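I opened the notebook to look up how one part of this model is put together. I began with strand pairing and then turned to the aromatic rings.

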Amino acid sequence: MFKRAGFSLMLLAGFIAGQAHATDMDGYLVGDLSGLNVKAGEVQVADMKVVSDFNGSQKTVETLAEKAGKALVITFYGRECLGCRAHLRSLAALQRTLGDDRMEVVALSLDEGNIHQAKRTLDRWGIEGLAPYTPYHLSILRDLTMDPDFRRNGTGPASVIVGPDGVVKATSYRLRHWEAPETITFFEALADGKI
């Protein structure tokens, strides 16, 4: 799906660290969320950088640490990925419902080009309410290699769910109903630090 950009989506394949609290999350993993891949180790995203704007001469670069205190869905997409359109529409609905200073969808374009091209893709797809982002450098793909089963899971839309503490809680590799009531409940609990 993303091979056009000169790399394959063999991301999400090997981060390691401490202990996670999967049991804290169990009561929230119902309905469409029952298939989330809960992480067994603590993975921090604070040092990862994204580009959020470009004024023609200089990029606006943010570290994900600047989003501390928010629950995040970091999702990857490419303009040739038909499944990504539905995926982003559903995430945009989640953003419109919960997006504020407590939750944000970080939609990272994996296409070659700059932030303006990422914005054009979202506009062409009719995606409203999601800010365009691009990776500052492609090492974010290696840095988010958390799931050793990724190759087996295929190349569908990939998302990483991060708690307000910057720790990765779960990953998802397929289309989901992000605007479903159980998903809203899950993200409200995540933003409140309950899971």
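Entry 1. I looked up alanine 107 and found that its bridge partner in strand 6 is proline 132. Strands here are DSSP runs of E with at least two residues, helices are runs of H or I with at least four, and both are numbered from the N terminus. The model is predicted, so local features need pLDDT of at least 70 and side-chain atom pairs pLDDT 80 or more, while totals for chains, interfaces and linings use all residues. Residues are numbered from 1 along each chain as its sequence is written, and side-chain values use heavy atoms, without hydrogens and water.

Entry 2. I checked the neighbours of strand 5. Strand 6 (residues 132-135) pairs with it in the parallel sense over 2 bridges; pairing requires at least two DSSP bridges. Strand 4 (residues 71-77) is also parallel to strand 5, over 7 bridges, and threonine 75 has alanine 107 as its partner.

Entry 3

Entry 4. I searched the whole structure for aromatic pairs and got 3. Tryptophan 178 and phenylalanine 187 make a tilted pair, 6.3 Å centre to centre with 50 degrees between the planes. Rings of Phe, Tyr and Trp (its six-membered ring) pair with centres within 6.5 Å; planes under 30 degrees apart are stacked, over 60 edge-to-face, the rest tilted.
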